[in-house]
Amino acid sequence: MKKMTIWATVCLLSSAFLFSCSKSPNPVSTTTTVSYSSMDTIFSMLNVQPKTLMVDAVNGGSFYGNSGTRYIFYGNSFQTATGANVTGTVQIQVAEYLQKGDMLFSKMLPISNNEPLISGGEINVVATQNGQPVYLKPHFIFQANMPQGGAAATGMQYFSGQPTLDTTQFKANWIQPALDTTHYAAGTVINVKFDTLGIISDSLRFCNADYFMISPNYQNFTVTVAVTGAILPAIGRVFTYALYDNYKGEWPIGPFGSYTNGVFTEHHVPNIPVHFVAFTLINGKFYGGIIGATPTTGGNYTVNLTMQDPTAFKTSLNQL
């Protein structure tokens, strides 16, 4: 009996020790004491970082990017700017914008000539050899198979990105390239399998799988950005967006509407479930807020800002 008592005591002490060692750490606060010099610093910090891999120019090859996209390159498909055949190793740099937070903080919004798009994902592909750009030969293509995290949408079309002059809100304007006499098609989008979309492109550049919204029922409403114990900065430094709940789509609120004393007037978001997102810097600290709503004409939606950790804030947007 005594041995049993001693053994039971040892077990209890061991259990207590193991429990104390395996306890979950205190939750990490979403606030931060770090100061930032400007919103440009925030965007640069949260911008999607590209991944660089090597491909043999003669044999081609495939690899995966940071977000699970598989890239496929064919042998003897590269040439220099002068049209010379490329051999040896080619450096392929890829960046993927498949989540809402990645799109937003990389300023890669799905917008075509000031009209919203529904996206299946955006990519950027750049190839170099010894520091010099190389290109695909005429009539050659590469393919990027993008995971969708669920059933892939049908009807997606190929868009390419053109750099914008004003990069305050977004860096690329997405257009559907016109066909020409040299190429059969600039690109296309296919459903590779149930949960995967494939972009096929004849050029190394910004590519996007998108479609235009069908008969969007746009609403006229306001979004009020509020903060307690601080003063909002002037117009242009408060960033506000509508992120569509059931689609990869987002619209910047303000550039196409108006702003006065923390109130944004908007008329280009349909009456579908969205999350309104707002953020800014106040005295060097990052403040952000999110609220869900279905916009209706005449409505007002208030986004309350609190001090946030920018990285954690972006992660929360990727989960919307």
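Colleague: Is Asn-130 buried or exposed?
Modeller: In this predicted model, Asn-130 counts as exposed, because its relative accessibility is 71% and the cut-off for that label is over 50%.

Colleague: Where is Asn-130 found?
Modeller: Asn-130 sits in the loop that runs between β7 (115–129) and β8 (132–133).

Colleague: And what about its phi?
Modeller: The phi of Asn-130 is positive, about 55°, although the residue is not a glycine. That deserves a remark, because most residues other than glycine have a negative phi.

Colleague: What is phi of Ser-215 near, then?
Modeller: For Ser-215 phi is near 45°, again a positive value in a residue other than glycine. Ser-215 lies in the loop between β15 (206–212) and β16 (218–227), and it is exposed, with a relative accessible area of 67%.

Colleague: Switching to the rings: how many aromatic pairs does the count come to?
Modeller: The count comes to 19 aromatic pairs. One of them joins Phe-43 and Phe-105, whose ring centres are 5.7 Å apart and whose planes stand at 45°, which makes the pair tilted.

Colleague: Which parts does that pair tie together?
Modeller: Phe-43 belongs to helix α2 (residues 39–46) and Phe-105 to helix α3 (residues 100–105), so the contact ties together parts that are 62 residues apart in sequence. Both Phe-43 and Phe-105 are buried.

Colleague: Why is the pair of Phe-239 and Phe-279 called stacked?
Modeller: The planes of Phe-239 and Phe-279 are at 10° with the ring centres 5.7 Å apart, so the pair is stacked, given that the cut-off for stacking is planes under 30 degrees apart. This pair also links distant parts of the chain, with Phe-239 in strand β17 (residues 239–244) and Phe-279 in strand β21 (residues 274–282), 40 residues apart.

Colleague: Are those two buried or exposed?
Modeller: Phe-239 is buried, because its relative accessible area is 1%, and Phe-279 is likewise buried, at 0%; the cut-off for buried is under 20%.

Colleague: Which residues form one aromatic cluster?
Modeller: Phe-43, Phe-105, Phe-239 and Phe-279 belong to one aromatic cluster together with Tyr-241, Phe-286 and Phe-313, so that the tilted pair of Phe-43 and Phe-105 and the stacked pair of Phe-239 and Phe-279 are both part of that cluster.

Colleague: One last thing, what lies over the face of Phe-43?
Modeller: Lys-107 lies over that face, at 4.5 Å from the ring centre of Phe-43.

Notes. Residues are numbered from 1 along each chain as its sequence is written. This is a predicted model: local features need pLDDT of at least 70, side-chain atom pairs count only at pLDDT 80 or more; totals for chains, interfaces and linings use all residues. Side-chain values use heavy atoms; hydrogens and water are left out. Rings of Phe, Tyr and Trp (its six-membered ring) pair if their centres lie within 6.5 Å; planes under 30 degrees apart count as stacked, over 60 as edge-to-face and the rest as tilted. Helices (H or I, at least four residues) and strands (E, at least two) are DSSP runs, numbered from the N terminus. Buried means under 20% relative accessible area, exposed over 50%, partly exposed in between (1.4 Å probe, protein chains only). A charge sits over a ring if NZ of Lys or CZ of Arg is within 6 Å of the ring centre and within 35 degrees of the ring normal.
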